Amino acid sequence: MARADKLSHKDTKTSAQTLPLLPLRGVVVFPHTTLPLEVGRDKSVVALEEAMSCGKLIVLAAQKVAKVNEPSPDDIYTVGTVSAIKQLVRLPDGTIRVVVEGVERAVILEYVHSDPCYVVKVEPMPTVEVHDPELEALARNALREFEQFVKLSKKIPVEILLAIAGSNQPGKLADDIAANMPLKIEDKQEILSCFDARTRLERLSVILRRELEILELERKIHMRVRKQMEKTQEEYYLREQMRAIKKELGDRDDFSSEAEEFKQKIEEANLPQDVLDKAVRELDKLESMPPMAAESVVVRNYLDWLLAIPWGVMTEDRLDIERAEEILDEDHWGLEKVKERILEFLAVRQLSDELRGPILCLVGPPGVGKTSLGKSVARALNRNFVRFSLGGVRDEAEIRGHRRTYVGAMPGKVVQLLRQAGSMNPVILLDEIDKMSADFRGDPSSALLEVLDPEQNCEFGDHYMEVTIDLSNVMFITTANNLYSIPRPLQDRMEIIRLPGYTEEDKLQIARHFLVSKQLAENGLLEENVVVEGDAVREIIRCYTRESGVRNLERQIGSIFRKIAREVVGGSKGPFVVNQADLQEYLGVPQYRYGVADLDSKVGVAVGVAWTETGGDTLDIEVSAMSGSGKLILTGKLGDVMRESAQAGYTYVRSRALELGISEDFYEKMDVHIHVPEGATPKDGPSAGITMATALASALSGTPVRNDLAMTGEITLRGRVLPVGGIKEKALAAHRAGIRTMIIPDENNKDLEELPENVACDMTFVEVSHMDEVLAMALLPSEADEEERLDACSSQQSESADESGGVVKGLPLPGTVPNRPQPPALC
């Protein structure tokens with residue numbers, strides 16, 4: 001009871017009252033209006049209970065933001081309405097349904113407390129009704145505009161208009177109009193905050209005029225849309241009448257002409273029986289549809305695509321093997337394996353007409369001519385050529401197409417390429433097949449399983465076409481930089497042909513026969529006016545490019561010719577001779593050092609070779625030993641396999657510490673740091689195992705490693721050297737870097753047969769089976785050991801030279817290696 005007395009307290013001096021506050025969301029209550037509310041928030045329920053115990057009066061104020069569930073005083077407007085609770089009903093779900101009636105405006109002076117509900121001190125602001133002619137005129141104007149609003153909106157019942165029109169108090173009239181209009185909370189709150197009747201009516205008139213303008217615009221838009229619909233219906237009715245009249249007169253309309261055109265195309269096309277049946281069914285469906293039906297557009301597009309496929313159209317293959325070989329040689333230097341495979345296809349094609357198109361996958365570094373080779377193959381076979389890049393494709397529908405139920409559906413790229421080629425036996429080049437990816441829309445590589453399977457692609461099914469398409473006569477050529485990102489089932493369906501990087505001699509011949517003439521033509525120069533000497537091209541290859549392909553070589557040649565073109569435009573007449581001495585003027589300072597991997601032999605630095613998707617490359621391994629507690633530190637962004645190889649090499653060196661002249665307890669007193677430069681590039685694989693072990697042995701024993709020697713091979717804990725891949729690419733990288741001796745596992749001897757002849761003759765390959773043989777070859781000897789080695793080698797020099805043939809067998813197995821093992825192969 002004390003609580004109720006406190007809440008109902010009224011300050012007689014200031015007329016202020018202390019009452020519970022109920023924040024409202026999306027509602028503004030005006031004086032003299034009755035409104036039902038549903039209350040569910042805990043504080044609001046407590047506020048109603050407090051109000052029921054103190055005279056059934058409560059302050060209702062709107063929230064500034066309706067989404068706020070727990071409003072603070074700053075979230076509530078300061079002007080509200082003191083209202084009386086007329087009825088309160090508790091519902092089963094815990095909420096309260098209450099009917100309130102606004103009594104008078106009130107300004108919130110302060111918040112007395114906020115728990116368990118808001119209790120505020122408010123000052124009532126009653127409206128003083130003063131009758132004068134101007135106020136009466138404002139009231140009549142507001143009532144007239146409200147009548148127009150009711151007529152235009154048709155959302156407010158006429159009974160409300162009649163009830164409001166009977167009011168003779170201008171202030172109450174403004175409140176009643178604002179309470180019954182669908183206005184924004186901000187507009188209603190603005191009217192509630194006007195305590196003077198004149199100001200309230202003036203603001204209400206402004207809002208009414210704005211709403212009437214909006215309603216007028218809505219009415220105009222509605223009339224315009226209605227007229228457009230009536231016009232469309234009228235046009236449809238007239239067209240139907242015209243069709244009926246033409247039918248009576250025996251004339252054909254446009255729709256009938258289109259159907260006849262489709263029918264004629266179907267008869268002229270050499271369609272398979274199942275495709276013919278499908279086309280006839282779709283044409284019958286089209287003829288039975290109204291021309292303006294949405295489905296008719298879908299059927300027309302389908303028939304257009306169905307008839308655009310070159311059913312039964314075949315180009316005649318050029319079976320002249322000699323002519324095909326000439327064309328292949330005209331366009332590309334080298335690439336013997338691919339050329340041989342194409343010529344084999346032509347030979348078998350002459351003997352059998354049932355040969356299906358081959359599916360080739362050309363794998364090699366960038367710039368070796370994989371993509372351009374597809375065009376050359378098509379020209380040699382006299383077939384049409386189309387190309388599609390699979391790089392970045394991640395939607396299975398790109399291959400199989402979308403089903404016709406989707407808006408904007410289209411066939412897949414295979415059907416589109418056949419339409420583009422204009423025949424059923426083109427050469428289709430699927431470029432960058434290793435760059436595909438998958439997401440929630442499907443896996444395009446799985447869709448390619450059917451396309452690239454010779455046993456299945458004779459009945460390829462496109463989701464859009466809904467008929468089988470024979471792809472068995474298509475020659476598919478795919479290109480990739482590597483195989484590890486291509487799924488194994490997809491690899492199994494293709495004949496994989498590896499394209500190695502070009503040797504220096506290959507690049508020199510390609511530049512002479514292809515690149516120079518091409519760049520001269522592109523830069524508008526005459527061949528008789530510009531001469532590029534062979535030494536200059538060789539210097540560009542050695543000092544301005546380092547790549548497996550020839551793209552950068554072509555760019556550098558083009559850069560020289562652009563500068564010459566500028567001289568020609570400037571008035572120079574030539575002839576222009578580009579020699580080795582002019583290269584710095586045209587291309588600047590050399591970008592690469594050729595001939596020596598390192599200037600001198602160093603302790604803890606060994607040269608390895610790596611095989612990447614861009615070809616082979618040399619890889620320096622650096623090892624530093626320092627005082628410490630036996631830590632092994634690995635840096636250079638190494639993968640898990642490469643880290644394990646480093647651990648294996650470290651263990652091997654520990655097991656051979658005595659023979660290598662290393663303290664047996666070094667692993668307790670020294671920290672070893674292995675680093676592979678170019679730390680931003682990820683590196684992985686086991687082939688650097690013997691290189692890291694050699695660098696470790698060098699750093700711990702203080703013995704330099706030969707700087708003119710490269711090596712590759714996997715190491716085991718017992719020191720065995722296991723075979724690795726990419727020997728050809730690695731040998732080309734070592735040769736390109738000026739290294740002429742290379743250590744390889746003896747089981748990789750078979751890979752040497754794939755090397756170009758000039759590289760095989762220019763390099764010495766040392767085959768090893770154990771790590772002791774590697775160290776004997778790689779670590780430089782002391783002076784005493786060198787004298788002993790030379791004496792031993794002088795008697796065996798001729799025999800070794802006769803039997804080696806460029807390949808040198810390694811040293812004896814562990815147990816016969818001295819503390820500083822020597823390489824007799826270099827005698």
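Start your tour by selecting Y464: at 3% relative accessibility, Y464 counts as buried (buried means under 20% relative accessible area, exposed over 50%, partly exposed in between, with a 1.4 Å probe and protein chains only). Before going on, note that this is a predicted model, where local features need pLDDT of at least 70, side-chain atom pairs count only at pLDDT 80 or more, and totals for chains, interfaces and linings use all residues. Residues are numbered from 1 along each chain as its sequence is written, and side-chain values use heavy atoms, with hydrogens and water left out.

**Stop 1: Y464 and its partner**

Rings of Phe, Tyr and Trp (its six-membered ring) pair if their centres lie within 6.5 Å; planes under 30 degrees apart count as stacked, over 60 as edge-to-face and the rest as tilted. The pair links distant parts of the chain, 162 residues apart: Y302 is in helix α10 (residues 294-308), and Y464 is in the loop between β10 (460-461) and β11 (468-469). Helices (H or I, at least four residues) and strands (E, at least two) are DSSP runs, numbered from the N terminus.

Next, show R404, whose charged end sits over the ring of Y302, 3.9 Å from its centre. For this term, NZ of Lys or CZ of Arg must be within 6 Å of the ring centre and within 35 degrees of the ring normal.

**Stop 2**

How many aromatic pairs does the structure hold? The structure holds four. Select Y111 and Y118 for another of them: their ring centres are 5.5 Å apart and their planes are at 75 degrees, so the pair is edge-to-face. Y111 is partly exposed, at a relative accessible area of 25%, whereas Y118 is buried, at 7%. Then move to Y650, F666 and Y667, which ring pairs link into a cluster.

**Stop 3: two helices crossing**

Colour helix α18 (residues 504-522) and helix α20 (residues 551-569), which pack at an angle of about 45 degrees with their axes 10 Å apart. Axes are lines fitted to C-alpha atoms, for helices over the stretch in contact, and angles run from 0 to 180 degrees between N-to-C directions. The two helices are therefore oblique to each other; angles under 35 degrees count as roughly parallel, over 145 as roughly antiparallel, 65 to 115 as roughly perpendicular and the rest as oblique. Among the residues that meet are A511 and L515 in α18, and I557 and F561 in α20; contact means heavy atoms within 4.5 Å.

**Stop 4: A695**

Select A695 in helix α24 (residues 689-701). A695 is buried, with a relative accessible area of 0%. Leaving aside residues up to four places away in sequence, A695 touches G604, A606, I621 and V623. From A695 to V623 is 5.9 Å, C-alpha to C-alpha, though they are 72 residues apart in sequence.

**Stop 5: an enclosed helix**

Finish at helix α27 (residues 771-778): eight of its eight residues are buried, so α27 is largely enclosed by the rest of the structure. Then zoom out to the whole chain, with 29 helices and 27 strands. Of its 827 residues, 45% count as buried.
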